[in-house]
Structure formats: C-alpha cells, structure tokens
Amino acid sequence: GSMTDTPSGFTTDKWAAMKQALGVALQSAPPTLNVGLLLYPYSTANMIPLDCEGDLCCEVPDMEGAMRVGVASDNAAPITQALADTSPGGGTPTAAALERALQYFTEGDGVSLEGDKYVLLATDGGPNCNKDLTCDADTCTPNLDGAAQCQGGNCCDGAGEYCVDDMSVTDQIDALRTAGIRTFVVGIPGTEDYADYLDAFARAAGVPQQGANHDYFAVS
C-alpha cells in the first residue's frame, strides 16, 4: 500500500514512477536478458485492496501461481501489462516472495531455463507479514513508516505481522545463493529507514553495490 505515496520532489506516486522507469529499462534490455515478474503480495483469486485486512494482505501463491509473468525473452509488453492491471495494496511479504522465486527456479518452469539465474528484489520498505514475531516500536513497520493508522505507541502490539521480518528474508536469500542464484537488492524511495536491513540483505546475497554509500542499490 505504501506504493501509493508521493515522495518529495515526485510528480506521481511511487507505483506510477516505478512502472515508467521499469518500462524504459525493459525496452532497452539486451535480447540475451530473459525476465519475468513476481509481485508481492498477490492473489490469484482476489484483488488485494489498499485497505486490506487479514491474511489477504500477505498472500503470495505457491509455486507457478506466484509468477505473474514467467521468465522469457521479449517480455517487456506482458510485464508492462501485468503492472498496468495491478494496483498497490497489502503488506510486504518479502520472504514469501523470495521463497516462491526459489521454488520457480528449482522446482517449477524455471528449472529448464538456460544461463545464469538471478533475482532482482525491488522494495520501498521493510519486510513484514510474519505473524510469529513480536517486536518493539523501533522494529515495527507502521511506526517506522509513520503510517496514518499508527497513532503512537507500539503499533505492533498484538499484530506481529507488522514487525520487520529481516531474519526470514536473510534465510531465503541464503537459500537462493546456495542454489547458485544471486539476489540484487534495489531500494526505491521509502527504504531510507530500512537501509541497514537492505545493506545486510545485499551482503548476504553476495552481489553488493561497489563504491557507494550503501551495499544495496538505492535508486531515486
């Protein structure tokens, strides 16, 4: 849902800016680069509304259902269309999305793909959606985001699914790397308060940015 925010200096919200930038990048990609798209959260049965509640906010389908567009060449048009058909909403189930990417590459249609395999993880905030967690306000994503629904105190009290779930993300990045799949971590505006986490993710992935202030790829 935070992708509907309009950062300072922007003329559009982050979702529109991301679609425009990604469209340009895909159009200029070399033909040897095959790409696909996995969105999180995502449901094959229901649209995830901006003000969602319950499990739907963190849903990511199993196996092939998670891939909006399977990895292939000449995928700019299908990916652009999939993004055009999607509106922001829900939480940030990053660990689940990475787990599905690993499933795709090691158990699903991605097994037969030739060449090197990578994940590009793009996010605007902190990972959450783990109900088993408990946390203080300093690791609670609504508190860190200054979300409208958070009116002070610990907004994760009794709502562990909003706690920063960095350990699960690191575990999934490690699993991908063990399978020979490196993860490039990209943070768009909104990730500033989560920079330490994203730096750690980038280091765990084994492909940190070189010669910059951060190990993750911070883009404007």
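Tutor: Angles under 35 degrees count as roughly parallel, over 145 as roughly antiparallel, 65 to 115 as roughly perpendicular, and the rest as oblique. Axes are lines fitted to C-alpha atoms, for helices over the stretch in contact, and angles run from 0 to 180 degrees between N-to-C directions.

Student: And what am I looking at?

Tutor: This is a predicted model, where local features need pLDDT of at least 70, side-chain atom pairs count only at pLDDT 80 or more, and totals for chains, interfaces and linings use all residues. Residues are numbered from 1 along each chain as its sequence is written, and side-chain values use heavy atoms, with hydrogens and water left out.

Student: At what angle do H1 and H2 cross?

Tutor: Roughly 175°, with the axes of H1 (residues 14-27) and H2 (residues 76-84) coming within 10 Å. H1 and H2 are therefore roughly antiparallel to each other. Helices (H or I, at least four residues) and strands (E, at least two) are DSSP runs, numbered from the N terminus.

Student: Which residues of H1 and H2 meet?

Tutor: Trp-15, Met-18, Lys-19, Leu-22, Leu-26 and Gln-27 of H1 meet Ala-76, Ile-79, Leu-83 and Ala-84 of H2. Contact means heavy atoms within 4.5 Å.

Student: How do they divide by class?

Tutor: The contact of H1 with H2 has eight nonpolar residues, one polar and one charged. Ala, Val, Leu, Ile, Met, Phe, Trp, Tyr, Cys and Pro count as nonpolar, Asp, Glu, Lys and Arg as charged, and the others, Gly among them, as polar.

Student: Now H5 and H6. How far apart are their axes?

Tutor: The axes are 9 Å apart, and H5 (residues 166-178) packs on H6 (residues 195-205) at about 20°. H5 and H6 are therefore roughly parallel to each other. Their contact has six nonpolar, one polar and four charged residues.

Student: New topic. How many cavities of 30 Å³ or more are there?

Tutor: The count is one. On a 1 Å grid over the protein atoms alone, a cavity is a set of points where a 1.4 Å probe fits but cannot get out, and a pocket is an open set with protein on both sides within 12 Å along at least five of seven lines; lining residues have an atom within 4 Å of a point.

Student: What lines the largest cavity?

Tutor: Thr-94, Leu-121, Thr-123, Gly-125, Pro-127, Leu-198 and Phe-201. Strand E3 (118-123) and H6 each give two or more residues to that lining.

Methods: Points joined across faces, edges and corners; volume = space filled by probe spheres on them.
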